[in-house]
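Thank you for making time this morning.

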Amino acid sequence: MSKAAKLTIQQWGNSLAVRIPSAVARSARFAVGQPVEMVVEDAVIMVRPVGEPKLTLAQKLALFDPAKHGGEVMATGRVGAEVF
């Protein structure tokens with residue numbers, strides 16, 4: 001299904017920017033943290049996903065399994081020349 005939106009280019013620091021409306025982002029399967037590639041050909045700009053979105057800290061913590069990852073990761077005693 002094709003989605004379209006008429007947008008206005010705005011100043012963002014020294015760059016220009018447009019916001020991607022949520023319906024267009026959903027249609028393109030974009031997510032926050034999504035790596036994208038921008039290509040310009042004959043004055044046409046294409047933005048396409050390249051790889052998986054980066055996980056937020058909350059998402060990483062939700063995936064953490066103490067049984068799988070060994071539980072506590074900090075040593076209880078000296079490992080090297082640490083001063084306690």
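I will talk about a surface patch and then about a salt bridge.

This is a predicted model, in which local features need pLDDT of at least 70 and side-chain atom pairs count only at pLDDT 80 or more, while totals for chains, interfaces and linings use all residues. Residues are numbered from 1 along each chain as its sequence is written, and side-chain values use heavy atoms, with hydrogens and water left out.

On the surface, Val36, Met38, Val40, Ile45 and Val47 make up a nonpolar patch with about 470 Å² of accessible area together. Such a patch takes residues with over 30% relative accessible area and no salt bridge, joining nonpolar side chains (Val, Leu, Ile, Met, Phe, Trp, Tyr) within 5 Å and like charges within 9 Å; the areas come from the Shrake-Rupley method with a 1.4 Å probe, and for residues only the protein chains shown count as cover. Strand E3 (36-41) and strand E4 (44-49) are the elements that give two or more residues to the patch, and E3 gives the most, with three residues. Strands here are DSSP runs of E, at least two residues long, numbered from the N terminus.

Now to the charged side chains. With a salt bridge defined as a side-chain nitrogen of Lys or Arg within 4 Å of a carboxyl oxygen of Asp or Glu, the count comes to one. Arg48 pairs with Glu37, their closest N and O atoms being 2.9 Å apart. Because Arg48 lies in strand E4 and Glu37 in strand E3, the pair ties together parts that are eleven residues apart in sequence.

Key
Helix = DSSP H or I, 4+ residues; strand = E, 2+ residues; numbered from the N terminus.
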